[in-house]
Amino acid sequence: MTSEVTVGTGTGLDTADMVLNIGPQHPSTHGVLRLRLVLDGERVLSAEPIIGYMHRGAEKLFEVRDYRQIIMLANRHDWLSAFCNELGVVLAVERLMGIEVPERAVWLRTALAELNRVLNHLMFLGSYPLEIGAITPVFYAFRERETIQAVLEEASGGRMHYMYNRVGGLKEEVPAGWTGRARAAIDQVRRRLPDLDGLIRRNEIFLARTVGVGVLSAADAAAFGASGPVARASGLDLDLRRDEPYLAYGELSVPVVTRTTGDCHARFEVLLDQVYVSLDLAQQCLDRVDRLSGPVNVRLPKVVKAPEGHTYAWTENPLGVNGYYLVSRGEKTPWRLKLRTASYANVQALSTLLPGTLVPDLIAILGSMFFVVGDIDK
């Protein structure tokens, strides 16, 4: 710890830089992140993100859980994207085992993945304005979240950790009439979303706090390995759903929302416009599900063993590219399962983004990076 803590103002008075810790328990972080800042008055000179305060060692726990049990662990690192997390790990296992998933399960998975994307984005669309002083949007965002949440809860039985994916498909068939109720929920959210949109997108106070603040260039975004809404707001036109399709995305036209300014407002806008896109994609998938019949899973042996080998499955998670590198020695547990998470890459950019900014802008930038700390401390 530095001894430079003398802080003064005024002509002729010697001043020193102040070292300030934001966190590890700060209300404007999604979880337990610590930022070590060096300040000159109100201006940030340097910023060091310090992680590891909530590490749960999931990657080591994967090695002592069988292929059915690891879904539960994968579910939790980004708790706002639980369905998409579990999807990635079962895709890796299915690829290694050479399992072909029934078509109905593929389309249901795609629909549910898009609904989970909407839930994730709505959380940030409500919490981000809250962090910079706007309390009303969170009530609108949660109204829409509850509408979609009810649909996923009915299908899976869970509100947050769905545990609905299985190696070879889904846990069970959706309830009778579920696709109709899901479609009604999507229509309702699509109809009411302009309330949230109109409240915040062009709000002059919100614009003053976000436009031109925290600009991340496309080159820096690429250098840090940023992905998802954060990277697309800087002009990186990358989306695995379109560029390396998995599930049913190859049969869908996926519009990719991008901006070029790379500031806090661009990141917010990408998130907001992505909700409209995901609602449309989910509806298209549900229409297809209604025309399909058949099972939603395949029968597995009592003990699931992946053959010896390795594979890498990556998916376009709500917050960016999520990858699972699976190595098997032919046992019922993975020999190694390495996680490549979106939040871990995105939050690295803070060390470049924050220096030179003012302390009030620091919170606006931190919130706009859209990370979940469990996704960093995996």
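Which element gives the most to the lining of the largest pocket? The answer is helix H3, which contributes three residues.

**Confidence**

The chain has a mean pLDDT of 91, and 95% of its residues reach 70 or more. Over residues 6–11, however, the pLDDT is below 50, and this stretch has seven contacts in the model beyond near neighbours in sequence. Where pLDDT is low, the predicted coordinates should not be read in detail.

**Pocket and cavity**

The table sets out the volumes and the leading contributors to each lining.

| Space | Volume | Element giving the most to the lining | Residues from that element |
|---|---|---|---|
| Largest pocket | about 230 Å³ | H3 | three residues |
| Largest cavity | about 30 Å³ | E6 | three residues |

The lining of the largest pocket includes Leu91, Glu94, Arg95, Ile99, Val101, Val106 and Arg109, together with Glu244, Pro245, Tyr246, Leu247 and Trp314. Two or more residues of this lining come from each of helix H3 (82–97) and H4.

The structure holds one cavity of 30 Å³ or more. Lining the largest cavity are Cys84, Leu87, Ala113, Arg117, Tyr246, Tyr249, Thr315, Glu316 and Asn317. At least two residues of the cavity lining are supplied by each of H3, H4 and strand E6 (309–317). Tyr246 is named in the lining of the pocket and also in that of the cavity.

**Surface patch**

Leu130, Ile135 and Phe139 make a nonpolar surface patch of about 310 Å². Of these residues, Ile135 lies in the loop between helix H4 (103–131) and helix H5 (136–156).

Methods
Residues are numbered from 1 along each chain as its sequence is written. This is a predicted model: local features need pLDDT of at least 70, side-chain atom pairs count only at pLDDT 80 or more; totals for chains, interfaces and linings use all residues. Side-chain values use heavy atoms; hydrogens and water are left out. Patches are made of residues with over 30% relative accessible area and no salt bridge: like charges are joined within 9 Å, nonpolar side chains (Val, Leu, Ile, Met, Phe, Trp, Tyr) within 5 Å. Accessible areas come from the Shrake-Rupley method with a 1.4 Å probe; for residues, only the protein chains shown count as cover. A salt bridge is a side-chain nitrogen of Lys or Arg within 4 Å of a carboxyl oxygen of Asp or Glu. Helices (H or I, at least four residues) and strands (E, at least two) are DSSP runs, numbered from the N terminus. pLDDT is the predictor's confidence in each residue, from 0 to 100. Contact means heavy atoms within 4.5 Å. On a 1 Å grid over the protein atoms alone, a cavity is a set of points where a 1.4 Å probe fits but cannot get out, and a pocket is an open set with protein on both sides within 12 Å along at least five of seven lines; lining residues have an atom within 4 Å of a point. Grid points are joined across faces, edges and corners, and a volume is the space filled by probe spheres set on the points.
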